[in-house]
Amino acid sequence: MTDSADPDFWSFIETANTKLASEYGFEHQLATEVLLTLNRASNIVTYDLEASIHRPRGWSWSSFRLLFVTWLAGPIEPKRAAELTGMSRAAVSNLSKTLISDGLLARTPDETDGRSVRLALTEEGHARMVESFADQNERENAWASVLTEPEQRILVMLLNKLITNRSQFDVRGRN
């Protein structure tokens, strides 16, 4: 273990698990390690994609997620966009205003329900999403290529299992 005054992530996890067990009596150190590692991996990859692909285009990660969902599922109601992105409806509303003013999204009345609206990419938004995702997909492949194809499939299966098992207890979240 490294000097405890300046631990790296893994030595911090080791120290945390030891302290949680010995000083506080918590029993589920592996569960803590799994979720801290999952969160860490997600944050690192998300930050990398945002910093290397989206910020240079003037987008946040949240903006990209909304554009991505609208690109592939749109035209879409803001409520459904919020569900698919994992964002709140208020976040979708605020982001869509910016993306509309940037000329990437359009907001139109729903043809079947006059009280609803739909979000859709503009031609410019579509072109920029295709370009952006081409770069992102290459970066995704660079991240995932450390794993073999079977390992990637197993990881997806395990993450799906973790996510779908949440019905066993009262999970708080948007989705």
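User: What should I know before I start?

Analyst: The model is predicted, so local features need pLDDT of at least 70, side-chain atom pairs count only at pLDDT 80 or more, and totals for chains, interfaces and linings use all residues. Residues are numbered from 1 along each chain as its sequence is written, and side-chain values use heavy atoms, with hydrogens and water left out.

User: At what angle do the axes of H2 and H6 cross?

Analyst: Axes are lines fitted to C-alpha atoms, for helices over the stretch in contact, with angles from 0 to 180 degrees between N-to-C directions. Helices are DSSP runs (H or I, at least four residues), numbered from the N terminus. Here H2 (residues 29–54) and H6 (residues 123–144) cross at roughly 140°, their axes coming within 10 Å.

User: Which residues in H2 and H6 meet?

Analyst: Contact means heavy atoms within 4.5 Å. On the H2 side, look at Ile44, Val45, Asp48, Leu49, Ser52, Ile53 and His54; on the H6 side, Ser132, Asp135, Gln136, Arg139 and Trp143.

User: And how many salt bridges does the count come to?

Analyst: Side chains of opposite charge can pair when their charged atoms come close. The rule is a side-chain nitrogen of Lys or Arg within 4 Å of a carboxyl oxygen of Asp or Glu, and the count comes to seven. Take Glu131 and Arg57, whose closest N and O atoms are 3.4 Å apart. Glu131 sits in H6 and Arg57 in the loop between H2 and H3, so this pair ties together parts 74 residues apart in sequence.

User: Where is the cis peptide bond?

Analyst: Check Gly74 and Pro75: a cis bond joins them, with omega about -10°. Pro75 belongs to the loop between H3 (61–73) and H4.

Methods. Helix = DSSP H or I, 4+ residues; strand = E, 2+ residues; numbered from the N terminus.
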